[in-house]
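Please examine the sequence and the model shown below before reading on.

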Amino acid sequence: MNYQILGKTNLKVPVIGVGCMRMASMPSHDLQNFIVRCLDLGLNFFDHADIYGGGKCEEVLAGGIKSLGIGRDKIILQSKCGIVPGKMYDFSESHILQSVDGILKRLETNYLDVLILHRPDVLFDGEEVAAAFDKLQKAGKVLHFGVSNHSPIQIQLLKKYINQDLIVNQMQFGLGHCKMISQSLEVNMNSDGAVCRDGGALEYCRLNDITVQAWSPFQSDNGSGCFIDNGNYGSLNGVLWEIGQKYGVSKTTIAAVWVLRHPAKIQLITGTMNINRLDEITKATEVNLTREEWYRLYLSAGHFLP
Ligand SMILES: NC(=O)c1ccc[n+]([C@@H]2O[C@H](COP(=O)([O-])OP(=O)(O)OC[C@H]3O[C@@H](n4cnc5c(N)ncnc54)[C@H](OP(=O)(O)O)[C@@H]3O)[C@@H](O)[C@H]2O)c1
């Protein structure tokens, strides 16, 4: 496994993080095998949110960790708050504080390594977020803070109030959802990809030492699910296969390498609950892509270069 530092901290994390959004219904035997395999592969970073499985995902992981007798110091836990499903976003001080208490209880821990604000709450009051962060930090309940799905200007606005660095911005990114780079490649063109949907988040995060975490790296953005072995992505699958043959790895591995190959040192947050796929994804750290291969994959996914 390869490791990197999150943001400007001394927190060393694997370049592949384990997303736990799909963990809720995992049978305990499979779960134990999954966790053991994660740690064997060096994947000790687990990404959660208070809403995953309505809180069940956090409970399930905690149960698995406990049953295996794994010490808290052996794992890195990140979770998110701020979404009230189907109703609203809530960055109020009381909501953040209550959410973290719930997260800590479900994860059976007394601290989170990273707390992320899940989606922008446009009604947020900066002083309330600042008060919540200060209290959480002072109480030792949260060591580091970050955001998800935030634009540069939203991050800057938050930073006007808070006293801590924001060390991550979690954004959807992968061959099936390339908005963060299409806008740079098609800058000033009339094409659809030129539309700047995130305010230049990737460049901003690189400039400010904020680690971008790629969520749903294998999902399409047209609602057709995973793009691997997906008939809507025939050309992409052909090129993934061909390049995979060259390096002796699977299409899934190459799709993961494509994310990691970007010089922004993006941390890939995988969501598979399948051990074999986890192995394939981890192999991505052993392969590199040439510039030509990287652009070829981008084009075969249906994007274009002006
Ligand atoms: N910040 C946010 O707003 C946000 C939003 C969504 C997700 N997330 C985070 O991102 C993590 C990953 O999201 P995700 O689960 O949508 O990501 P993903 O890794 O792109 O997708 C995983 C899903 O695709 C399936 N799949 C089928 N074929 C696959 C293949 N060849 N390779 C890989 N996966 C394949 C997996 O099934 P199997 O389990 O059977 O392999 C699993 O259901 C989540 O767990 C969560 O932590 C964050």
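How do the residues of the shell around the ligand divide into nonpolar, polar and charged? They comprise nine nonpolar, 11 polar and three charged residues, where Ala, Val, Leu, Ile, Met, Phe, Trp, Tyr, Cys and Pro count as nonpolar, Asp, Glu, Lys and Arg as charged, and the others, Gly among them, as polar. The model is predicted: local features need pLDDT of at least 70 and side-chain atom pairs count only at pLDDT 80 or more, whereas totals for chains, interfaces and linings use all residues. Residues are numbered from 1 along each chain as its sequence is written. The ligand is surrounded by 23 residues, of which Gly19, Met21, Trp215, Phe218 and Gly271 are the closest; a residue is near a molecule if its C-beta atom, placed from the backbone, lies within 6 Å of it.

Helices (H or I, at least four residues) and strands (E, at least two) are DSSP runs, numbered from the N terminus.

Strand S10 (residues 166-172) has six of its seven residues buried, that is, with 20 or more other C-beta atoms within 10 Å of their own, all placed from the backbone. Strands pair if DSSP finds at least two bridges between them. S10 runs parallel to strand S9 (residues 142-148), joined by three bridges, and Phe145 has Leu166 as its bridge partner. S10 also pairs in the parallel sense with strand S11 (residues 211-215) over five bridges, where Val168 stands opposite Thr211.

Methods. A residue is buried if 20 or more other C-beta atoms lie within 10 Å of its own, exposed if 12 or fewer, and partly exposed in between; C-beta atoms are placed from the backbone.
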